[in-house]
Amino acid sequence: MRIGELARRAGSTARALRHYEQAGLIDSERAANGYREYGESTVVRVRNIRALVGAGLTLADLRPLLGCLDGDVLAHPPSERVLRIVRERLAVLERRIAAQTEARDRLVAALAAAGSPTDG
């Protein structure tokens, strides 16, 4: 199937699919006319990629999990490797949230010191 059909069936965009391919998460063959052609199983893989990215993982986080992306990722308990990757990503997100919270608190304090309301 061509990229437009894959995008439609997987709930993605052609741009995202090219990005996933560049990241090494999906593969295509080139037709004689140069168009990308994808296999049927790519639909499931893209849906899984989208679900995991939506849950907070990055494409780099998914690279070690390529073998897990072709089936129902929620049907089986996660492996220790998957749990490690998820824990690492969670720690990164927690640090970012803490840094953003500190920055917000500094801005709120600066507005309060200036006598300005903070209810934006």
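This is a predicted model: local features need pLDDT of at least 70, side-chain atom pairs count only at pLDDT 80 or more; totals for chains, interfaces and linings use all residues.
Helix 5 itself covers residues 80-113. Its 34 residues reach 49 Å from the first C-alpha to the last, close to the 50 Å expected at 1.5 Å a residue. Within helix 5, the buried positions are Val82, Ile85, Arg89 and Val92. These buried residues pack against helix 4.

Two of the buried residues of helix 5, Ile85 and Arg89, are also the residues touched by Asp61 when neighbours up to four places away in sequence are not counted. Asp61 is part of helix 4. With a relative accessible area of 11%, Asp61 falls under the 20% cut-off and is therefore classed as buried. Its side chain makes a polar contact with the side chain of Arg89, at 2.6 Å.

Helix 3 spans residues 42-54 and has 13 residues. From its first C-alpha to its last, helix 3 reaches 18 Å, close to the 18 Å expected at 1.5 Å a residue. The buried residues of helix 3 are Thr42, Val43, Arg45, Val46, Asn48, Ile49 and Leu52. They pack against three helices, namely helix 1 (3-10), helix 2 (14-22) and helix 4 (59-62). Helix 4 is accordingly a packing partner of the buried residues of helix 3 and of those of helix 5. After helix 3 comes Gly56, which has a positive phi, near 115°.

The largest pocket has a volume of about 410 Å³. It is lined by 21 residues, of which Leu52, Val73, Pro78, Val82 and Val86 are the closest to its centre. Helix 5 gives the most to the lining, with six residues. By residue class, the lining of the largest pocket comprises 15 nonpolar, four polar and two charged residues.

Notes. Residues are numbered from 1 along each chain as its sequence is written. Side-chain values use heavy atoms; hydrogens and water are left out. Helices (H or I, at least four residues) and strands (E, at least two) are DSSP runs, numbered from the N terminus. The expected span of a helix is 1.5 Å times one less than its number of residues. Buried means under 20% relative accessible area, exposed over 50%, partly exposed in between (1.4 Å probe, protein chains only). Contact means heavy atoms within 4.5 Å. On a 1 Å grid over the protein atoms alone, a cavity is a set of points where a 1.4 Å probe fits but cannot get out, and a pocket is an open set with protein on both sides within 12 Å along at least five of seven lines; lining residues have an atom within 4 Å of a point. Grid points are joined across faces, edges and corners, and a volume is the space filled by probe spheres set on the points. Ala, Val, Leu, Ile, Met, Phe, Trp, Tyr, Cys and Pro count as nonpolar, Asp, Glu, Lys and Arg as charged, and the others, Gly among them, as polar. A polar contact is a pair of N or O atoms within 3.5 Å; within protein, one must be able to donate a hydrogen and the other to accept it, and residues adjacent in sequence count only if both atoms are side-chain atoms.
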